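Student: Could you take me through one part of this model in close detail? I would like to see how its pieces are laid out against each other.

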Amino acid sequence: MSTSQGFGFPRPSATDPAAASSAADGEQTTAEPVTLADDAELDLSADEAAARVEGTLASLDAELVGLASVKRRVREIASLLQVDRAREQFGLSSSKPTLHMSFTGGPGTGKTTVAMRMATILHALGYIRAPRVHVVTRDDLVGQFIGHTAPKTKEALARAAGGVLFIDEAYYLFRPENERDYGQEVIEILLTEMENERGDLVVIFAGYPDRMATFFAANPGLSSRVPHHIEFEDYDHAELVRIADLMVAAENFRFDEAARATFSEYLTRRMERPNFSNARSVRNAIERCRLRQARRLVGLRRPLRKEDLVTITDEDIRGSSLFADEAEGE
Amino acid sequence: MKLRYGTFSYLPDLTDEEIAAQVKFALDRGWPVSVEYTDDPHPRNVYWEMWGLPMFDLTEPDGVIAQINECRTTFPDHYVRVLAYDASLGRQSTAMSFLVQRPAQEPGFLLERVEGPDRTQRYSVRSYATERPAGARYGGE
């Protein structure tokens, strides 16, 4: 806040107060819209928003392994919004596209991460006001007694306003076995909010594929208002190895040669186990490797070099319980 | 008589877009915003009825506007104001307070003179609206 200049009567502002206030709150100030002539040409890549979007899409490609279909879909949505902006400049009006989405996929396939990127892209294209994702689960929406659900849901919607509302494990909202469950009320409130033409809220429903299918089947009204269903496939072995490399590099560690081979073998074993949750399991495995590495380094009782601190060795990975049976056999 | 009360009171009544922009200003500074209403316009009546709790952790004004509109539909003939509270150390007080709704007819105030001892004169202000019971003051039958 600027410091007070002392008392004084406010002078009428020379500029239009509406324009002044919109400039002050830091929102995108839309210049006087100029309609282009019919024969004008518009270079899509010259749009400054396009450059920002391209940056986000590039980082999506670089930092997320695999997920080809997801990336294609994100790119399509970005292109749609970009073309809509171009059409606007020619004075061609069309209805604002509905962008509510459902992300289905196994645990640890990157649904939340992609939602964050999606928010950045939608913001860059001016579809939402802030690149913000408000993550909620059933607990944040459903109340504990009659009359508690609506205020709770509305509060969550108010917090997500102008951004993305990410409903994790959305299928818990609907409990068919309990007909007095308040989840249904949440769905009804969400529906009215999603119908709201003026709102710029984007709702993303996320969850595991099979249960989301039942959820949408039981709520046809909801399903028909979610035009984008994006499926996240499980990663294969090679992709998981690349994810592990990226994660290790991001934490300023590295595998030595033997360790990389062992980690690959570890992944093969881990993938066969129940409760394998893709990238999340990889992250947890790396965290445990760091623990074992730390224990090994402390046990060395000698001065350490930088090399020691960044290297995860074969031994650190072999310490995993997945290799325990093998060790006993030897 | 138009009640001049709170911030922006000498400006024309704010439109919803302007209210949203002001609320955004408050939220950007981390001031929680609340909505209050009353039908007693006396200038010394500082404690108005709260419409719900203050709204914390918002970043966009949409939720506040929704609450204002709910309050307006429930009390179409009351004064409704929006408050922004600055909780930062050293300030800890209301940072902004402005009207977002006023009754269609505002009858104004009566200045009452009361004789005190030694021919001193004391003044008090009484709203014509408060001659009727609460809830039936502005257009309410």
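Tutor: Helix α2 of chain B, residues 62-74, lies across β1, β2, β3 and β4 of that chain. Its direction is at about 165° to β2(B). Keep in mind as you look that this is a predicted model.

Helix α1 of chain B, made up of residues 16-28, lies across β1 (33-38), β3 and β4 of chain B. For α1(B), the angle of about 165° is the one to β4(B).

In chain B, four of them form an open sheet, and reading across it gives the order β2-β1-β3-β4, with antiparallel pairing. The edges are held by β2 (49-55) and β4 (93-101) of chain B; each has a single partner strand, so one side of each is left without a neighbour in the sheet. From one strand to the next, the twist averages 20°. As background, strands of a sheet pair through backbone hydrogen bonds, in either a parallel or an antiparallel way.

You can follow one of these pairings residue by residue. Strand β3 of chain B covers residues 79-86, and seven bridges join it to β4(B) in the antiparallel sense.

Putting the pieces together, β4(B) is an edge strand, it pairs with β3(B), and both α1(B) and α2(B) lie across it.

Methods. Residues numbered from 1 in each chain as written. Chains lettered and ligands numbered in written order. Predicted model: local features only at pLDDT ≥ 70, side-chain atom pairs only at ≥ 80, totals over all residues. Pairing = 2+ DSSP bridges. Helix = DSSP H or I, 4+ residues; strand = E, 2+ residues; numbered from the N terminus. Axes fitted to C-alpha atoms, helices over the stretch in contact; angles between N-to-C directions. Contact = placed C-beta atoms within 7 Å.
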